[in-house]
Amino acid sequence: MLKMKKFWVLIFVAVMALTLSACSKEGKETSNTTDFKVAVIHIGDPADGAGYTYAHDLGIVKMQEELGLSDEQIIRKNNVNDTDAVAITTAMEECIEEGADIIFGTSWGYMDTMEQLAAEHSEVIFSHCSGYKNNGSNMNNYFGRIYQARYLSGIAAGLKTQSNMIGYVAAMPIDNSEVTGGINAFALGVESVNPDAKVYVKVTNTWFDPTLEGQAAEALLDMGCDVITQHGDTTAPQMAAQARGVWGVGYNSDMTKDAPEAHLTAPIWNWGAYYTKATKEAMEGNWSNDNYFGGMDDGLIDLSPLSKNVAEGTEEAIEAARQRILDGYKIFEGELYDNQGNLVCAEGEALADADITGAMNWYYKTVEVK
Amino acid sequence: MIINFLFAAIKAGTPLLFGTTGEIMTEKSGNLNLGVEGMMFMGAFMGFFVGFHTGSLPLALLAAFIIGNFAALIYAFLTVTMMANQNVTGLTLTIFGIGFAKFFGEIMIRKAGGSPKLSPEFMITISEKPIPVLGEIPVIGKLIFSHNPLVYLSVLVAVICSIYIMKTRAGLNMRAVGENPAAADAAGIKVTRIKYLHIMLGGGICGLGGAYLSLINGGGVWNNSSVVNGQGWISVALVIFASWSPMKAIFGSLVFGAFSVLQFYAPKDIIHIPNAFYVMLPFLITTFVLIFASMRKSKTGSQPAGCGINYFREER
């Protein structure tokens, strides 16, 4: 019995000690409120080392370096489920309590909660990735023309293929215009250098599943495809291509480190370009709530360095196309036909960004869903 | 095309075969362990972790097997010794196993400073390559003799388990415990020891299935996300499909593997069915199997009578 008592006393002391240390920590944090603070809400964990959240956090780190902010000025909330409004609200209110002046929400599902909080906290700037809401004062959204880099990566694939069959592991079916727009831009890039090549699409219906993405890639390889590209978060399609001794084009981050014998290049996001711009403007007090839709011209979108596996002449072809885009080539310029034979963009016209990222639900004529 | 499809089906079916064989061993000794998903997750992590650090396939498999043993030991202690409800304990084990794998997986990622990746030598060991001579036979050579080593291991384990269950004295004792523990106890069979042994053995085999998922399907990269992704649950369903026979499980896992890759191989220009239908197929088939199994009522192909019920010696 005595032993039991001692045990409880120990537990009690431990709890008290913890409480005390927690108090002292809080005291230290609140003394820094005069400094400018940047908060970021991640759907995953930057420690994943690849993929979506990792790419966003690289952007935050880059912004921190460029603007010379200290670690205390960056607040990160990781693994915030974007379908759980309570978790989002808690995470963001914690940021506000810690003195955040600008909050970046990196996932689509944060949109509605951010809109509500923006109305309650007019002194804080809310910037939301990939959505469409803008409250006219302290909330905007940001995204970019990733299709420009998709087009360039299509050039690398089109020059490399021998069988003229290119496989595309797509996360979502035709009605998701983010994925479908990427496929079409890629197919246009392929066609610009290799009019005989076709793009074959297999849909996995998931953003992240190494098993399914690998199986879809293998099915495409079995059909005879010799370049595999993807819109999904795992490296499995690239690994499948490497195992068969053929080629691949990745996505999101440079996958050459994962599949050094297969990978050609990957369309990538440099979120740092936007984070630096927005934070700088907010610190200087001239932030405006205009939506940001960046492209290759301001460095938000890029192609990862070409690997040793690319075909001869790829670098020149991509540089020429990059220059064309910087000079104003819109990629989705008429006339364009979909794979059902319908005219989707007339001669002399070009599709608007809103249509490409929000309303594209047709496949280009060289694309075939398998 | 058909050969490619069947080849992919065998690959997709292998983790299911491990999971099913493991669960059959568990259920045959009278315990329904719904923790297959969790045990596979733990096996997936341990197999990858040891493979990543030692570069040795046998050690990786051994580690996956042992962590499966350990997970099943928790289950065995709770249900056999503490008499806890088997369904609830199994579900808890699933949740625990997923948490375990993700927790230590994240530590591994942080230590490695990015997604940990298996060495190229290790990838060659686990790659698909034709067996000399046999692999050159047309059709069959590609279909049966060109797989990665774990595919052969899964079939070997299933065959050994089948022989063990049907042909050996120890297997007979275990079936007796599964069908009627009271009678087995009266006949002098050590019920508790047999239950512990087979639950742990089953857990170890499930762990191997997890290792297959992280080593082969993960493409040699640990991602900390859903590597197992429901395969454990399909394995539990497959036990019923295979009517508690590891030999039938070989066929059953091939069928389920075929369903899971069918969406990528079906000629979409000829047969136009929405993708969701293909995803649903394995579960639809399980439903029909359950209906037929309940109508059939045969002696050999049904669930062990003592399965799912804890055995109190004092209530004999």
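Two residues are taken to be in contact if their C-beta atoms, placed from the backbone, lie within 7 Å. The structure is a predicted model, in which local features need pLDDT of at least 70 and side-chain atom pairs count only at pLDDT 80 or more, while totals for chains, interfaces and linings use all residues. Residues are numbered from 1 along each chain as its sequence is written, and chains are lettered from A in the order in which they are written.

In chain B, helix α2 (residues 36-54) and helix α3 (residues 57-81) pack at an angle of about 150°, with their axes 8 Å apart; helices here are DSSP runs of H or I with at least four residues, and strands are runs of E with at least two. Angles over 145 degrees count as roughly antiparallel, and α2(B) and α3(B) are therefore roughly antiparallel to each other. Among the residues that meet are B:Gly38, B:Met42 and B:Val50 in α2(B), and B:Leu57, B:Ala64 and B:Ile67 in α3(B). The residues of this contact divide into 13 nonpolar, 6 polar and no charged, where Gly counts as polar.

Between the chains, the contact takes 28 residues from chain B and 26 residues from chain A. On the side of chain B that touches chain A, the residues divide into 9 nonpolar, 15 polar and 4 charged.

Chain A holds an open sheet of 6 strands in the order β2-β1-β3-β4-β5-β11, with parallel pairing; two strands pair if DSSP finds at least two bridges between them. Strands β2 (74-77) and β11 (292-294) of chain A stand at the edges, each with a single partner strand, so one side of each is left without a neighbour in the sheet.

Note on methods
Axes are lines fitted to C-alpha atoms, for helices over the stretch in contact, and angles run from 0 to 180 degrees between N-to-C directions. Angles under 35 degrees count as roughly parallel, over 145 as roughly antiparallel, 65 to 115 as roughly perpendicular and the rest as oblique.
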